Structures are given as C-alpha cells and as structure tokens.
Amino acid sequence: MDAIVHQFPPYRKDEAHHLQEAHGDHDYEHHDPGFWAKFIFSTDHKTIGIQYGFTALCFMLFGFFLMIMMRWQIAHPGTPVPVIGPLLEKVLGQVAAKGVISPELYNSFGAMHGTIMVFLGIVPLAFAAFGNYVVPLMIGAVDMAFPRVNMASYQAYFLGGLIMFVSFFIPGGAAQAGWTSYSPLATTIPTHGQLFWIIGMVLLISSSLLGAVNFIATIIQLRAPGMTWMRLPWFVWAQFVTAFLLLLAFPPLEAAAVMQLMDNVAHTSFFLPTGLAVGGQLANVSGGGSPLLWQHLFWFLGHPEVYVLILPAMGIVCEIIACNTRKPIWGYKSLVYSVLTIGFLSFIVWAHHMYLTGMGTKISTFFQATTMIISIPSVIILTCLFISLWGGSIRFNTPMLFALAFLPMFGIGGLTGLPLGFNVSDVHLHDTYYVIAHFHYVVAPGTIFALFAGIYYWFPKMTGRKMNEFWGGVHFWCSLIFMNLVFMPMFAQGMAGMLRRMADGGANYSAAVNARSGAEVIGGLSNDMMALHVWILWAAIALGIAQIPFIVNLFWSIAHGEKVGDNPWNATTLEWQTPTPPPHGNFIHTPTVYRGPYEYSVPGHATDFTPQNEPPVGAHAPQISTPAH
Amino acid sequence: MDIPYTVQPRPDTGIYNAKVGIWLFLASEVMLFGGLFSGYVLLRIGADRWPHGWLDVRFGTLNTIILALSAITTLLAWAACKVGQFGKFKFFHACTLLLALSFLSVKMYEYHDKWIHYEITLAEGTFADGHLVEKSADFDLAKKTGTVTLHGRIVNDENLLYDLRSQKDIKLDEVNVKAADIVKMENYGPWHNTFLAIYFTLTGLHALHILGGSIVIGYLWGPGSKMWKRDPERFTNRIEVSGLFWHFVDLVWIFLFPVLYLT
C-alpha cells in the first residue's frame, strides 16, 4: 500500500511545474516516448480516450452524411443528388449511375447508417471515449487496470471500422440487410458486403469485450483509498453497469455472427429454413434452420445495447446537473439502485422487438410485462435528475444547456416507447416511421446532446482551455430546433402508416393504393404526409449546418480558447483535482477520498463546493483494509 | 507510474487485477457458448429429424479423459510454482501441452472421418452411404462418367441413416455407384444438415480455444518462463490465470460431450 499523503490542495503549483520540467528535460523514469508511442500506440487511458472520441466523431459525421443522402432520395425519389451526385457515381459506380441513389445503394446506406451510428459512433464515444478519459480520473486511479489491453481494444475497434468503411467500395457494395441483418435476407443478397459486415462486427464485439473487462476490473480494483462504492460519482456507476451489459450481451451476437458467417462461407443452414426460395427457385441448402434464432440472438444484444447507448449519457447529464445547480444530486441511492435494476432487467425484455414474428402470445405477454417494468427505474432516474433542478441556482453554460435539453428530449423518446412496448398497439406501429422517431429521440437529441454536453464540460480538463460559450450557444439552440423539426414529423408519418426502409419514401406504394381506390383512403399516404419528407430533408441539412460552429469551435479552442485553471467549473469530483491536462499517471499524489461526490453548497464551508479529497478538519486518512471476518 | 495490485491482492477485494479480468472474460465466454448452445436447442426442437449415433462415443470418451488429465496437470503445474519447484512445473505443463495436442489430433481424425463420409441420393430413390474408398479416374458428376466406390451400404429409407443407434449389426460392404445414377452427392460437412452445422461450429470454436490456450501455455512454458527468475510471484499468477482459462475450456467440453455424442 502506498503511503497516504495528507495534503490539500492535492499538489502545489510549483510541484506540478517541477514535475513537468523534469518530464521534458532528463527524467530517467519517464523519457519522452516519441510521436508514434505517444499518439498512435499509446497505453495511456487519456490518449486512448481521445483517440476513441476523435475516431467516433468522424464516424458519426460519416453516418450523418449517409443519412442526408438517404433523405434526399426519400424526398426526391429518382432525382440526382445535387453537388455530391457525380462524386458518388465516380466513387461507387453503377449503383449511383447519373448521381441517382439506386434502391440497392439506399439499402446499403440505411444498413450502414445504423451500424455506424450505433457501433462505430455512439458506443465508442459514450462508453469508450468518456469512460476511458474520465473514469480512472474520477476514481483516483493512475490508469486503467490493463493498459495494453486498452490499446488492443482501440486497435480492434479501428480495424473493425476500417473494414466497415472499405465495404462500400467492394463490388456489390456494403451490407444491405439493415443494421439488424435479419437472415435469410442477409445471407441471400448476392454481395460480399454482408461478409465484411460480419467480420467488422466480430472485431467491434471483441473490442467492446476487452474494454468492458478493463472498465469493470479498473472500477473494482483501482479505486483510491476512501473511494467506497457509495462515494462513486454516478457517472462511474452508469459506466460500470454499461460495461456489464457489453460484457454479457455482446457474446450471443458474436455467436450469431459466427453462425451467419458459417451460413455465408460454409453454406450451413443455421438461419435458412426448409423450402427457402431465392429468386423464385428452391435454394440449394440443407434447410432446417431457424430465422427466429437470429432475431432472438440479435435482440438479446440489441436491447441491452439501447441501455449501453443511454446509461453513459445519463451519467454525463447527472455530473453536469449536480455541478451547475450547485447542490447535491437528489436521490443518489435511488439512482444507483435504479441503474442496477435497469442493467438486470435489460436482459429480459429483448423479444418486444419481435411481437410480429408470430413467436406466440404467451411469450409476447411476458416480454410486454418486463418491458413495462423496466420503464419504472428509467422514470426514477429521470425524475431524480428533474427534482435535482428544484431550488438550485442554475448556471446556464453550454454543457448545462445540453444537459437540460436532454431531460425533455429523452422524456419524449422514452414515453413514445410505451405504445411500442404494448403488443396490441405495436401491431400498428411496428416498422413504421413512428419507431424511427421514437428511438432517434432517445439517441439523437437524447444521447448525442448528452455527449455534446460532456465534450463541452470536460474539454477544459483535456486542453486547459474552454470552448467558446457564444458559439456553443449557437450550436445548442440550432441543434435543438432542427433536431425536433427532423424527428417530430416522423411520429405523424408513422402513425399514418408510413413504413420504414422504403427507398422512395412510400411514393410508389402510396400512388398504387390511391389509384386503386380513386381517393386518399386508408392504406395510402396523404400528400401532406409525403410532403413532410421535403420538410425533414431541409431540417436535416440545417441540422448539419448547425454542427459547423461546433466543429470549428472544437479545433479552434484547442489553441485559442479562453485559458482556465484546473477546476474551471468549481466541481467536487476527483478529475478536477489533477494538473491540466493530467500527466501520465494522473495524480501527483494518490488522492484520498473523504466524502460523497456531490457536496455542493455545504452550510458553513468556505466555498460552495467541497472536493471529495479535501480532508475534513482533524480527520484521519481512510485506508484500504481487509474486512473483518 | 505503477498500477497497483498487479501482483498482490487488493486488501478489501482480496484479489489481484488479472484474476478479476480473467473471471470477467470467462463470464463473457459463458455467454458466447451459451448463445451457441441455445442455438443448438432451437435447431433441435425445430428439426424434422435429428441424427442419433453419428459420432463415435469411443473417441469422445477418449478426448474427455485427455482433457480431464490436462486439467489435473495444469493444477499440478500451478501448485509446483506455488511451492517453488520450477522443474516440476516444467514437467507438468509439458504434459498439459502434449495432452492438448493429443486432443486436437483425435479431433482432426474425427473431422476427417466426417469429411470422407458421403451420402449419395440415387436416381431410383435409394441412398448410398459410407466412407469414400476411391473415385475412378474418369469420375465426373457433371459429365456423368465414371464410378465412385464407398465402404458402406445402400438403404431404401433415408431415416435409417439418421438413427444408427436402434439398428443392430449394420453390415458395411464395398458399394459401387455409377455417376450416371447419382442425383445428389454430398459429404458429411457442415452443409449437410443442421446437426453437422452446429457440431462443426461448436467443436470448431472449442478447438480454437484449445489452440489459443495451448499457445499461451506454450509461451509460458517456453520463453515466458524467464519471468520465474525475476518475479516468481507474478509468474505464478500468470500460471493461475491461464489455468483458469484452461479449466473453462475443459468445462465446455464436459457439456459438449453429452450434448453431441450421447444424445
């Protein structure tokens, strides 16, 4: 056990300066590792976190670009994409002939938009990037428990992403069977894109597994002295549960991916039923497989995955709300037990994605019940965060704006999920734009807003400078308005019966139905509903433009932002009690924790925040000791 | 900068980092094989007919014994490290490695046995089934020339091929089949039916785990054992952690054997 140092502040300025000087000069212990070791093959959790974050943001931008292309095709079916159309034809060839997005290309873009946003964008950013950068700092650790495993995790992720990206340029193009890759469709489409998708997924899953093992081991083993479980910032709890979801929910999908790989390569029939016909002919397969098996295994991951997307976001929002209301978070224990309950329940709700598969009413009833039960802890979390605002003197800085917007936006996303969880109403809404609107409200103005909040909030710790507040505000208000303009109309479209995954946005379908009955009757889509496609397209383009201030602000502020100290937000948690940016090894002295994470505005204290590691007057340092038997 | 608890256990959790890591990893492995086993259950429930007696129980039993012995030698190797007897460690882990290789050899033989086993649907509605002896030089399915010789039998009902356990005294002979009479000829590869698909996938993934484990144990036995001189405690931990993985792989086989061979 290291000697415990009684000292507050945890280090002196001149001490940090001295350390940095030694670092650059002739320190025999920490010699300068050079560019490659420092930025590409780094084992430092902070560098890896930034690598993850940067890569994930790039993939998200790419996924957004795919979406704009798809929205153009839906709004103006069969017309060339302006400006980018010729480029698409040049790069992708026949599938984008004359700059028009063919239905095959639309399907590829749809499948890859989902895959990229979920597996290459949000999970790596929310879990891996923030988790890597912030969690070891928050618990007072020197690094992750297994730094080299951490590096391997990023490399597997990068390679998986590369394979997914390359698959666009192979003959036949990328996977076309949706991000869910339902078999037998996924196996019978004659392109190698699906093969690339599977191999990419196996790498991404392996990366997540390595990351999850590392996170859990770090949180269990490397907490600083005095950092008991109930003193962990709630963000750490959220990441802890998320890591368990990744650890236990991903392997069944890996199993399914192996089986689909066998179907593709070894011509097995895991998911191919007897009598399968392809192109009007009996397929040459042994048959006997079960398409439902794929769906079960996919959604066994797929539903916990939803909580992988949302829990880290909730964690970020919780930290920012506590700090910017200047008061303790309301119901810390309720939050902890709720997140644990969600983690457990999320493993037994998966088949609510499968009500229409004919798996049986008894099974549907079970999953309907568990789905309603899991909404309770989710509502508790949201309620705790709302009540935390009560009576606070709120600072409306950019991170707080995004965190505040998260609450109603996630609320809309969550509550619109209830009609999908009931199997009766789901019969009407399944596979419509209503579903798209629902989960995008959870993930886009929900999770992504929380991620923006996190970037604005922890940027000063990474760089020592703040991002520009004015342009942060512009970014926030434009994003908030246009997000809602994009997704709100989709609820109406979905309830009117517009199906997702139609390459022309339902134009042919609607025209055919309307022609037969001679009027706009049930089954066809009204012209108003079709016109909303154009509306959504322009809102989406505006949303894209609204991200420009963010991108410029992010890079500009690295060198030119307002310089700030180590703790610019006057926060209590440990990541703000280090030098900025934290050196290799993070803390000058091992921090010792004396209190919970949200001690804001403690009566009688000199400042309105009491850091976790500030020793109380006359206290003895706690030690990690063997529990009494 | 040193990461704490890499060798010594943390007092309040009573465990060192790598051990937490390996248990978590094994938990995910349980889910991986669990996914495949649930696939087995669903496929078998939905199957029109499920083969019985296709795998040779004698080889399965032999491999079970081999892995059980390797579990013992792994444990003894770790125990030898614990009491500081490096020579004994070297001996026991050499045994583990040899046993692992024997397991893979038996498995290879079994795979090969399925690979050369053909089922041929004949034009007259009967089925020839057996191990390939030889194909005539001019054998060509597409041109319908030549003959193929199997060591097996011809049956009228395909179901007889699926239930080998209830038939006593199956007589196997040399069977000559003309290419012109063949409607379909397929060996017992993973494409033949869902039983063979899940058999090859489950045992193949398991064999990959055996291979991976052998590489790790081989490294720790060979070049990795230099650590013994520098840091015997850390080295012993490594043997423990790799041993935990090895025991898990053994355990998977304990499930595979009855599920595939005995039912």
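Author: A helix is a DSSP run of H or I with at least four residues, and helices are numbered from the N terminus. The model discussed here is predicted.

Reader: Which residue with a positive phi follows α2(B)?

Author: Helix α2 of chain B covers residues 57–82. After α2(B) comes a residue whose phi is positive, near 80°, and this residue is Gly84(B).

Reader: How far apart are the end C-alpha atoms of helix α2 of chain B?

Author: The helix has 26 residues, and at 1.5 Å a residue it should span 38 Å. The expected span takes 1.5 Å times one less than the number of residues. The model agrees with this expectation, because the end C-alpha atoms of α2(B) are separated by 38 Å.

Reader: What covers the buried residues of α2(B)?

Author: A residue is buried if 20 or more other C-beta atoms lie within 10 Å of its own. In α2(B) the buried residues include Asn63(B), Ile66(B), Leu67(B), Trp78(B) and Cys81(B). Their cover includes two helices of chain B, namely α3 and α7 (232–262).

Reader: Are the axes of α3(B) and α5(B) roughly parallel or roughly antiparallel?

Author: The axes of α3 (residues 86–115) and α5 (residues 194–221) of chain B come within 10 Å and cross at roughly 155°. Angles over 145 degrees count as roughly antiparallel. Therefore the relation of α3(B) to α5(B) is roughly antiparallel.

Reader: How many nonpolar residues are in the contact of α3(B) with α5(B)?

Author: The crossing of α3(B) past α5(B) is left-handed. Among the residues that make the contact are Leu97(B), Phe103(B) and Leu104(B) of α3(B), and Ile210(B), Leu211(B) and Trp221(B) of α5(B). Of the contact residues, six are polar and two charged, while the nonpolar ones number ten.

Reader: Which element gives the largest share of the side of chain B that touches chain A?

Author: The contact takes 38 residues from chain A and 34 residues from chain B. On the side of chain B, α1 (17–46) and α5 each supply at least two residues. By class, that side has 19 nonpolar, twelve polar and three charged residues. Its largest share, 16 residues, comes from α1(B).

Reader: What is omega for the cis peptide bond that joins Thr580(A) and Pro581(A)?

Author: Pro581(A) belongs to the segment after β4 (562–563) of chain A. The bond between Thr580(A) and Pro581(A) is cis, and its omega is about -20°.

Reader: How many other C-beta atoms lie within 10 Å of Arg326(A)?

Author: Arg326(A) occupies the loop between α10 (291–325) and α11 (332–345) of chain A. Its phi is near 55°, a positive value in a residue other than glycine. Arg326(A) is partly exposed, because the number of other C-beta atoms within 10 Å is 15.

Note on methods
Residues are numbered from 1 along each chain as its sequence is written. Chains are lettered from A and ligands numbered from 1 in the order in which they are written. This is a predicted model: local features need pLDDT of at least 70, side-chain atom pairs count only at pLDDT 80 or more; totals for chains, interfaces and linings use all residues. Axes are lines fitted to C-alpha atoms, for helices over the stretch in contact, and angles run from 0 to 180 degrees between N-to-C directions. Angles under 35 degrees count as roughly parallel, over 145 as roughly antiparallel, 65 to 115 as roughly perpendicular and the rest as oblique. A crossing is left-handed if the near helix is turned anticlockwise from the far one by less than a right angle, and right-handed if clockwise. Two residues are in contact if their C-beta atoms, placed from the backbone, lie within 7 Å. Ala, Val, Leu, Ile, Met, Phe, Trp, Tyr, Cys and Pro count as nonpolar, Asp, Glu, Lys and Arg as charged, and the others, Gly among them, as polar. A residue is buried if 20 or more other C-beta atoms lie within 10 Å of its own, exposed if 12 or fewer, and partly exposed in between; C-beta atoms are placed from the backbone.
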